[in-house]
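Visitor: I would like a quick tour of this model. Please start with the packing inside.

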Amino acid sequence: MHAPAPALDLSQAKRPIALAVRGLAKRFDRPAVDALDLTVYGGEFYALVGPNGAGKTTTLRMVAGLLRPDAGSIAIDGIDALADPVAAKQITAWLSDEPMIYDKLTPFEYLEFVAGLWRIEAQPAEARARELIDWLGLEPHAHERCEGFSRGMRQKVALAGALVHDPKLIILDEPLTGLDAGSARVVKNVLRQRVAAGGTVIMTTHILEVAERMADRIGVIASGRLIAEGTLEELHRQTGKTAASLEDTFLTLIAEPVAQPVAAA
Amino acid sequence: MSRPDTLAWLAGHELRLGWRDWVALMTAGHRNRARTVAIALIVFAAFMHVFAYWIVAGYADANVASDTAMLVGVTGTLMLSWSLLLSQAMESVTRAFYTRSDLDLILTSPVSVRKVFAVRMSRIAGASVMVAVLLAAPFINVLAMRGGSRWLGAFGVVAAMGAVATAAALALTIALFRLVGAKRTRLIAQIVAAVIGAAFVIGLQIAAIFSSGSISRFAALQSDWMLAHAPDTGSAFWWPAHAVLGDPRALVAVVALGFAVLGIAIAVFSGRFGDHALAAAGVSNTVVRQRRWSRFFRRRSASRVLRQKEWTLLGRDPWLISQTLMQILYLLPPALLLWVTFRNGAGSYVVLIPVVVMAAGQLAGGLAWLSISGEDAPDLVASAPIAAGRILQAKIEAVIGMIALVFAPIVAVLAFDSLFAALVAALGILTAAASATLIQICFRTQAKRSQFRRRQTSSRIATFAEAFSSIAWAATSALAAAGTWIALGPALIAIGILAGVRMISPRA
């Protein structure tokens, strides 16, 4: 059995908490998420990894307000997301692996629609939309309908939609699935810049190299419980494989029976 | 088991797919519903036989050596049915071109493309023939029970009609591909299919309105003008009618001719089908630049943004428009009747109001499905900082707004004739539309807009409830316009339907 997660150092504990999940539970035919505790700090890039069916997507869908938990609490930037979902959603963005866009709208119209839903003033929203369109290389296609777009372009449009209202917390579920190297790099750069600017990103991914390179901390989830959490070095120490890759560490962690979930910070 | 790459093997594969597709269509993907569906089908068949008895039992004694009036009546009915079959066949052929499913696998395999598409066209024809025979069966069965086995020949005529409809649909769709290209064929074929399905009925109704002031299509078929200009009773034009009435020689000729036409169409077009399917596959990558676009973001409330989005998406999707076009096309005859009535001051709006109310209910049901269930970005809308109730409210407003836009001109014209009738019609339209929307809310599900054609399969209860509530509100409006308190009867039935829907709704 691996060692329990080390206590957080003081400097981390002083950082503002962007997301605090406590005792989160959701059951479908079997428990999908089981008494999960999770803390993500402001300005942090947090990657949630785990095998298929571990409960990663269910967890993030509950955080994004797309699924009602059976038990537990979710606080986003101090706002109780279950008691006041509208206020919590105002500062949150959700991006799934399947781009949520409308085929018959252009990227420009799509961003106007999203800005309208988030009640952003027209002028700053438009400036931000133009900046994002330019940033993501969508300028030549800004007034073309999305129906002819490739998967990479659709994901870029969806990402622009997630950023147009300047969210404090961005929740991404497998955002790099099916993207070519160029599109994946654009998405990764945008997320990095977002974190550098003080935003918080929590992301699930199957691509462990992405978690390894981009995340400040990594959470490993299995059978709906957080079984390990920490920086890459901390995870290596937990398994006793200091020179191993994240893949080796991950496989070691999920191969062990789920015992003690990681204590909340 | 037959050898792979033979026609029999391919036909077996198509049959298996067709059967599973049909079972999925009937059970909405829930295999455990098979028994319920079987019972429902038996009940439906029994109901259809009772209905057929009421309609055609009186004609069971019609003899082979019929007069012109009988031949015109039978031929008109056959043409009416054929136009609907052609419309359905065009839908199926267009779908076969544009649905990717296994086309990539087929087109990259070493199997003869001609052979594959010959089998696929036969499958479409088989489905058309089966649908035609199943729909006609209650009527033919009743006629055979009452008038003898000679009526059973009508099955052959119906099957031949299905075969010819498929052949015509193939020819029309291939011609459209050549004329307008792969990009526009889908849209135009859908519109043509909708127009063909409705045109014959509407044409007859329009003729009837002008000749007798009635909305009955049979009035036009039995008019003196029609009987005077009909071909001689010995003409080959009447063969299908003669065959239906029990003439064995005419039956053999019609069946042989029908299936020969289909065989020729398959032989001629199967080679080109592959090329056109490839062309259709490239359409999804076509770039559509928005001609008119706003250069600036506009300041709007979240509700308005949602409403505007629904209207924009509908306005930019000609395929969805063509799907709802049928319902709007059926409004033409009542609108014409209104115009004739208004011109003559005859006040026959009592006939018009239920038609309009019924159409409003049906149209609202389709639009509500698109708006509420057919949301292509459900997570985006659900993760937005708007209360769920407000999102739903905005979508309902979008539906009611579109209904108002379509029906306001009719109500306005009606108001010139009778303010009371206009008020009743407006209330009926709003109530029927609101009821259909409520039913869609109760049975809402998550689907893609492109699945609109199959929306009925997600809940048959919702489909029937929608139809019966529209009928009940139509009856209420007609009786209210006639100034009778009996109108409360169908109104109570409609309210009962809505209460029942709320009780059994999965959302309750």
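Visitor: Which residues have the most contacts inside the largest nonpolar core?
Guide: This is a predicted model. Its largest nonpolar core holds 146 residues. Helix α14 of chain B, residues 349-373, gives the most to this core, with 15 residues. The residues with the most contacts inside the core are Val356(B), Ala360(B) and Ala425(B).

Visitor: Leaving aside neighbours within four places in sequence, which residues is Ala360(B) in contact with?
Guide: Contact here requires C-beta atoms within 7 Å. With neighbours within four places in sequence set aside, the partners of Ala360(B) are Ile403(B), Phe407(B), Ile429(B), Ala432(B) and Ala433(B).

Visitor: How many residues are in the second, separate core?
Guide: Trp151(B), Ala168(B), Leu170(B) and Ile196(B) are included in it. The second core is separate, and its count is 64 residues.

Visitor: What percentage of the residues in chain B is buried?
Guide: Chain B has 20 helices and zero strands. Of its contacts between residues at least 6 apart in sequence, 80% join residues at least 24 apart. Chain B has 508 residues, and the buried part is 40%.

Visitor: Which element gives the largest share of the side of chain A that touches chain B?
Guide: The contact takes 33 residues from chain A and 29 from chain B. On the chain A side, α3 (85-90), α4 (107-117) and α5 (122-135) each supply at least two residues. The largest share is seven residues, and it comes from α4(A).

Visitor: How many nonpolar residues does that side of chain A have?
Guide: Sort the side of chain A that touches chain B by class. Eight residues are polar and nine are charged. The nonpolar count is 16.

Notes:
Residues numbered from 1 in each chain as written. Chains lettered and ligands numbered in written order. Predicted model: local features only at pLDDT ≥ 70, side-chain atom pairs only at ≥ 80, totals over all residues. Core = buried A, V, L, I, M, F, W, Y, C linked by C-beta atoms within 7 Å. Buried ≥ 20, exposed ≤ 12 C-beta atoms within 10 Å, placed from the backbone. Helix = DSSP H or I, 4+ residues; strand = E, 2+ residues; numbered from the N terminus. Contact = placed C-beta atoms within 7 Å. Nonpolar A, V, L, I, M, F, W, Y, C, P; charged D, E, K, R; others polar.
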